[in-house]
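Please consult the sequence and the model shown here.

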Amino acid sequence: MKTLYLSALLVLLTGTYALCGEPTSSVSVPKDVQATLKSYCNDCHGADTAEGGVRFDNLEELDLEGQINLLNRAQDQLFFGLMPPEEAEQPAGREQTQLTDWLRRELRRHNASQLDARLPYLGNGNLVDHEQLFSGEITEMPYTPARRWRVSPQIFHERVIDLFQLTGRERDFYSKHGRSFYGVTNPFVLPERSGVRDFDLSTLDGGHLLVMLDNAKWIAEKQIHRARVLNKELEVNEFPNAKDRWLPPSTPEEFEIIILNDSLPSDEEIVDAIRKQFELVLQRPATESEVDKYLELTGEAIQLGGNTAGLQEMLAAVLLESEFLYRLEFGEGPLDEYGRMKLSPREASLAIAYALGDRSPDTQLVEAAQQGRLTTREDYRREVTRLLNDEEYFRGQIDSSLNGKHYKSNETSHPRIVRFFRDFFGYPAALKVFKDGGRSEGKYMNPDRGSQGTPGWLILEADRIVTRHIEQDENVFENLLTFDEFFVYHDKDDETGRKIIEEWRDVYETLKETDWKNDPQRVLDDNLEFLKAHQSMRIKDNSKPGELVNFMHYFEESFGQGRNPFTTVPWAHGYYFHHAPFYNLPPTPVIGRYGSWKSSKYVGDLEPKEFWDYPPEQPFKIENRKGILTHPAWLIAHSSNFHTDPIKRGRWVRENLLAGCVPDVPITVDAQVPEDPHKTFRQRVEMVTQESECWKCHKQMNPLGLAFEAFDDFGRFRTEEALEDPENLIQSGNGKSSFDVYKTAPVVSNGKLVGTGDPELDGDVDDAFDLIERLAKSERVRQSIIRHAFRFYLGRNEMLSDSQTLIDADRAYVESGGSFKAVIISLLTSDSFMYRKSS
């Protein structure tokens, strides 16, 4: 499979040259290429200089291995624009083309192109030329190589739910809320990276199979537990593990018949059980050869161990079928004139369902496949559109791993759509960046047991704003890059928040002139019915005068100062709202500022503080923010532990929005930013990357990433940068109530945009806001996002033969007014999605 996939990609990289013939014993250098090498390369890479240990003047004297190594190095340098250096004379367009074509042709003739070998893998999609993809010149018909695609962690979890036949609230518990089964370990983990992560190249290894052995044993035991109780093999309350008392609703009748049988089961009864397990696990009928194989296996196991043990062995064996862990997409039927086969109706139903969500096909999609109504492009369009409009079938949490003691992940109708943008923007990586809380004046909380801390809150709020724009489905890409309204602390819907503010204000205005500070019990007694009528006060009787003091003090510092209080009181159980300052918003009061609700003593003489004027109706505008690239979650995710990371931020823009390619850091380079107490981080980055050997790569990243220097590594907007060095310390803090203060230097956040293909957009930029505004107008940026959507929904990198698929998806987005659903429909009705080819 892997060989077939690679060869298909190698053939289709340019649409010009194919792998051909047997490799010859040496590289052939045509005269025109010799002239180009002599004119532009030999001065630096000849006998006298040989910069970097590279010579071209003696190419024909090297053995084949030496020639291939040299050509691969040259191909990489030319592809990434690293050679010739900017200051050197550049070859004319025709000469450049001749040289690159020759390199590619020779390396492919020897099946030795390292660049081609990288094409299918994560992070290498941009190696396929962007201009060619969208030029319209490619005439090859699209397809996807026939494949076995390992299921994602989410699909695996849903398959386990399906085989237990869970419904209703119990299904919701495990599906919509992402709860795990006690005895099932998900064998799959997606790579932690910014960008599409679920590709069709992943395979099973020994570790996966060992995990599945334990999973199969647990699942098979649960499938027959109730029947074993009926058969008096187990007591009603007897469980192998006292901590694991969950059971599926019932044991299937086909299994129960075998366990309750006092004698050996008949072949028909064993076959019925085999067919049932195939239906539950693989969601298809068993073939006759499979029935025969499992009938023999099960019969022998029953003879040796009895009905229960023999049945259990069969159930576990089916669970170890590789098809349970793979998606099979080989196509069915005769080849068309282009050598392609369409997906079979069943394959198509699974492909559509798993593209739109994590669940297996719904009843209507299964019926369409069974009744021959899932063969044409219009059939696909009908089912894809129907499922996109279905608000319930795929509904669930976006990321259940965020669930903890302080919050839970947002729920939406199509979590997988949101997950595309999470993967694309990469902001969930904020969870992996450890921060020194003292540098944030104690506001930043790293993830800890039971909580994802500050980054968890920020990711939840980023998810929510992304979900909003997906659901609005208008100019989605542009709006995600330029929105100016955010959700922050919005733990109640707008109507509930307004009602709470109204009730609280009424209480404050009514009681502010009473003696609530000195005699709260009397105030509480006199106004008990009034307070009970205001349900948000949570006062049911007159036993807690201390809570009335807390409320009134809280109102005094909010309504009394012309501000709205946050609609969750700071003494509420599990209060962990401390991240507003990362949006440059004032904080809310901390726990304990007003004392304990158990004490009626007024806490006076507090240091006056400016608290946030909380907007109960959200989203709302925040100054100095524009789009997801200025959201604290994205900024933290693309930072280091102690500094901003303009190189990481710039590389993300280059590769994700501009479809560019940046080589990885050579293993011989120690990529460290030097310390200097007198320079800003920008100055130190520029100092270490300005050397020509570094700059040829860093010119692709630094000018883009440095435009974000107005945001620190916590995502806070700033005009001054603290020079965090002991030499610059002005005042020491204790790390709890006071914090270190350093000298500062002005932040410089200008940069340069190159690579949009539009001279009106390219050029110097003033700051991140200027950069973002131009990126949002770029056709190349729109097309780059389309390319990433292709990778997400097709599970592979694009080939040049996918050109028409990408052009059609781009056109669908533009003509629909920026609908991402239109992009999905276009991709899932494309030839790239519908057709498979074996070679």
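## Confidence of the model

In this predicted model, pLDDT (the predictor's confidence in each residue, from 0 to 100) stays under 50 over residues 1–23. For that stretch the model has 53 contacts beyond four places in sequence, a contact being heavy atoms within 4.5 Å. The chain has a mean pLDDT of 90, and 93% of its residues reach 70 or more.

Residues are numbered from 1 along each chain as its sequence is written. Local features need pLDDT of at least 70, side-chain atom pairs count only at pLDDT 80 or more, and totals for chains, interfaces and linings use all residues, while side-chain values use heavy atoms, with hydrogens and water left out.

## Helices H31 and H32

Helices are DSSP runs (H or I, at least four residues), numbered from the N terminus. The axes of H31 (residues 803–815) and H32 (residues 820–828) cross at roughly 155° and come within 8 Å; axes are lines fitted to C-alpha atoms over the stretch in contact, with angles from 0 to 180 degrees between N-to-C directions. H31 is therefore roughly antiparallel to H32 (an angle over 145 degrees).

On the H31 side, the contact is made by Thr805, Asp808, Ala809, Ala812 and Tyr813, and on the H32 side by Ala822, Val823, Ser826 and Leu827. These residues divide into six nonpolar, two polar and one charged; Ala, Val, Leu, Ile, Met, Phe, Trp, Tyr, Cys and Pro count as nonpolar, Asp, Glu, Lys and Arg as charged, and the others, Gly among them, as polar.

## Aromatic pairs

The count comes to 61 aromatic pairs, in which rings of Phe, Tyr and Trp (its six-membered ring) have centres within 6.5 Å. Among them, Phe164 and Trp246 form an edge-to-face pair, 5.0 Å centre to centre with 75° between the planes; edge-to-face applies to planes over 60 degrees apart.

Phe164 lies in the loop between H7 (153–163) and H8 (168–174), and Trp246 in the loop between H9 (206–230) and H10 (253–259). The pair thus links distant parts of the chain, 82 residues apart.

Definitions and conventions: Helices (H or I, at least four residues) and strands (E, at least two) are DSSP runs, numbered from the N terminus. Angles under 35 degrees count as roughly parallel, over 145 as roughly antiparallel, 65 to 115 as roughly perpendicular and the rest as oblique. Rings of Phe, Tyr and Trp (its six-membered ring) pair if their centres lie within 6.5 Å; planes under 30 degrees apart count as stacked, over 60 as edge-to-face and the rest as tilted.
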